[in-house]
Amino acid sequence: MSIATIPDPDDTKPEDWDKPQLIPDPDATKPEDWDDEMDGEWEPPMVDNPEYKGEWQPKQLDNPNYKGPWQHPEIDNPEYSSDPNLYLRKEICTIGFDLWQVKSGTIFDNILITDDIEMAMTVAGDVKNTQAGERKMKEEQDEEQRKKDENEQKSSYSDDDDKEELSEQDDQVNEHDEL
């Protein structure tokens, strides 16, 4: 495997290259309250060495044997024949759906498979109109059910004290709904 560059075999590391990365701080002084017996031998803090040049690496030269990234040779396929209608399918008689439902009772309908965009747009408009009517009918049914439930709940409490408790409970529930 050839690579684009190689280390220069004639390049050598300079003699003054090896300098430590950290050196003792030349401006640091031993604190006045330092006790060698109690604190041990004092050592100045370490700072970056301005003469440090990093790890030495030889210069890189262009590799004369490098031919570039390998390209897979391509040849004409003798068995290939162009088909401009490759995407077209004959009549589809069945279709399958792999569905995962979190909530039971989900209904799927109004499924259209076509290659006619104008017809799809027309059908989509009709479906949206139907869905709007169904949504309105569902909201009306929900509202009727809510009113019916409220009336049943109110009629089950005959005592005024019980009605006050119900009112307080409703207030508490409404407070929690706002969270």
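**Entry 1: Glu150 and Arg146**

I started with Glu150 and Arg146, whose side chains meet in a salt bridge at 2.5 Å, N to O. I noted the rule: a salt bridge is a side-chain nitrogen of Lys or Arg within 4 Å of a carboxyl oxygen of Asp or Glu. This is a predicted model, so local features need pLDDT of at least 70 and side-chain atom pairs count only at pLDDT 80 or more, while totals for chains, interfaces and linings use all residues. Residues are numbered from 1 along each chain as its sequence is written, and side-chain values use heavy atoms, with hydrogens and water left out.

Where do Glu150 and Arg146 lie? Both are in helix 2, 4 residues apart, about one turn of the helix. Helices here are DSSP runs of H or I with at least four residues, strands are runs of E with at least two, and both are numbered from the N terminus. Glu150 is partly exposed at 33% relative accessibility, and Arg146 is partly exposed at 39%. I wrote down the cut-offs: buried is under 20% relative accessible area, exposed is over 50%, and partly exposed is in between (1.4 Å probe, protein chains only). I also found Glu143, Arg146 and Glu150 linked in a network of salt bridges.

Next I looked up Lys138, which forms a salt bridge with Asp142, the closest N and O atoms being 3.0 Å apart. Being 4 residues apart in helix 2, Lys138 and Asp142 are separated by about one helical turn.

I checked the length of helix 2 too. At the start of helix 2, a side-chain oxygen of Asp116 comes within 3.2 Å of the backbone nitrogen of Glu118. For a polar contact, I need a pair of N or O atoms within 3.5 Å; within protein, one must be able to donate a hydrogen and the other to accept it, and residues adjacent in sequence count only if both atoms are side-chain atoms.

**Entry 2: links between loops**

How many salt bridges are there by this rule? The count comes to 6. One of these pairs is Lys19 with Glu51, the closest N and O atoms being 3.6 Å apart. Lys19 lies in the loop between strand 1 and strand 2, and Glu51 in the loop between strand 3 and strand 4, so the pair ties together parts that are 32 residues apart in sequence.

Pro50 also sits in the loop between strand 3 and strand 4. Is Pro50 buried or exposed? At 73% relative accessibility, Pro50 counts as exposed.

**Entry 3: Asn63**

Asn63 lies in the loop between strand 4 and helix 2. I put Asn63 down as buried because its relative accessibility is 13%. A polar atom of the Asn63 side chain lies 2.8 Å from the backbone oxygen of Ile3.

**Entry 4: the chain overall**

I read the order of elements from the N terminus as β-β-α-β-β-α-α, which comes with a tally of 3 helices and 4 strands. Of the 179 residues, 3% count as buried.
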